[in-house]
Amino acid sequence: MNKARLGIVSLSTIVSASLFLGGCSSANENTDTVDGDVRIVRVAHNQSATHPTNIGLLAFEEYIEENLGDKYDVQIYPNELLGSQVNTVELTQTGAVDFSVASNAILESFDNIYSIFNLPYLFESPEQYHAVMDNSDIIEPIFTSTAKSGFEAVTWLDAGTRSFYTVDKPIETPDDLKGLKIRVQQSATNVRMMQLLGGSAAPMGFGEVYTALQSNVIDGAENNELALTNNLHGEVAKYYSYNMHQMVPDIVIGNLKFLDGLSEEEREIFNEGFAVLSKVERESWNAAVEDAKAKATEMGVQFTYPDIEPFKEKVLPLHEEVLTSNPKLRPIYEAIQEVEYESADSSKGE
Ligand code: GCU
């Protein structure tokens with residue numbers, strides 16, 4: 001923690017005022033300092049304080065301040081304090097915020113190269129997913145693709161496997177989705193995925209989902225298990241069906257001007273900090289999922305395990321559809337199939 005940390009509420013008020021009143025990017029740029037020379041580094045995300053994302057970011061904060069505490073004061077804003085992910089990506093573009101965590105799903109509208117990781121059933125297992133995300137040949141060109149928009153990705157975080165959860169009845173087959181309004185993330189690929197599955201897509205920000213479920217604006221949503229507990233969706237949605245349609249990573253993005261303004265030594269330390277963030281977040285993921293399942297069960301959520309083949313059958317045509325409309329994705333798609341990884345039960349490609 002930092003010597004001169006301001007109270008979150010008062011600072012967020014100041015931040016909001018300066019972020020939202022400023023019009024152009026130079027006006028929005030974060031040049032705030034505390035203690036004279038110590039530069040505030042703002043990091044925004046939409047998860048709760050106990051979520052693996054926040055735990056990883058606290059480790060990042062500690063690492064940076066241990067090594068560069070005389071120059072940088074990392075301040076983390078969880079819980080959509082600085083706005084939804086779409087808002088905080090925009091704030092990271094302008095530099096009003098230095099780093100933010102965005103689901104890969106919404107980055108698709110900033111550069112459509114990100115559509116690749118929004119494809120349903122792209123990965124066979126978490127092991128393949130992790131091996132691909134750790135493969136720098138595949139990831140580097142994607143992470144640097146948004147430079148023209150003023151930001152770049154610096155690392156990725158595990159966000160588990162997404163499945164459907166609903167208020168009134170479990171989803172056992174795609175037919176059960178007919179006539180249901182299901183919240184999806186704001187991404188064209190996700191909307192199309194829901195169409196193919198037969199449900200009606202309701203794109204909205206994460207922070208709006210609880211109220212939408214509670215007021216019957218939607219019949220369900222789709223996410224990893226942590227949404228049931230960290231975001232309390234399990235208070236309303238009592239059926240979680242493991243159809244496991246997507247593994248969508250979270251991406252940590254940084255303002256390009258800030259990153260480019262770091263000296264070589266500082267950048268090295270920030271890079272080490274990003275590695276610490278990803279490692280700590282990923283190491284706490286599995287235990288967080290187990291904990292969420294236990295807590296959700298206590299909340300009365302029932303977990304069901306439908307046959308996933310009928311779901312796959314409906315949505316796999318989306319792969320070819322997306323690759324045809326966005327040909328630059330095809331070599332990446334092919335490279336993904338080639339990545340070697342150790343699977344939990346057997347090994348592949350060695
Ligand atoms: C997950 C993911 C978030 C995302 C959320 C959502 O929680 O980690 O980054 O915002 O899903 O569905 O919007």
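H3 and H12 meet in a right-handed crossing, meaning that the near helix is turned clockwise from the far one by less than a right angle. Their axes, H3 covering residues 52-68 and H12 residues 264-298, come within 7 Å and cross at roughly 150 degrees. That makes H3 roughly antiparallel to H12 (angles over 145 degrees count as such). Their contact has 16 nonpolar, five polar and three charged residues.

This is a predicted model, where local features need pLDDT of at least 70, side-chain atom pairs count only at pLDDT 80 or more, and totals for chains, interfaces and linings use all residues. Residues are numbered from 1 along each chain, and side-chain values use heavy atoms, without hydrogens and water.

The table gives polar contacts, pairs of N or O atoms within 3.5 Å.

| Side chain | Distance to a ligand oxygen atom |
|---|---|
| Gln-47 | 3.0 Å |
| Gln-185 | 3.5 Å |
| Asp-250 | 2.6 Å |

The protein covers 97% of the 320 Å² of accessible area that the ligand has on its own (Shrake-Rupley method, 1.4 Å probe).

How values were computed. Axes are lines fitted to C-alpha atoms, for helices over the stretch in contact, and angles run from 0 to 180 degrees between N-to-C directions. Helices (H or I, at least four residues) and strands (E, at least two) are DSSP runs, numbered from the N terminus. Angles under 35 degrees count as roughly parallel, over 145 as roughly antiparallel, 65 to 115 as roughly perpendicular and the rest as oblique. Ala, Val, Leu, Ile, Met, Phe, Trp, Tyr, Cys and Pro count as nonpolar, Asp, Glu, Lys and Arg as charged, and the others, Gly among them, as polar. A polar contact is a pair of N or O atoms within 3.5 Å; within protein, one must be able to donate a hydrogen and the other to accept it, and residues adjacent in sequence count only if both atoms are side-chain atoms.
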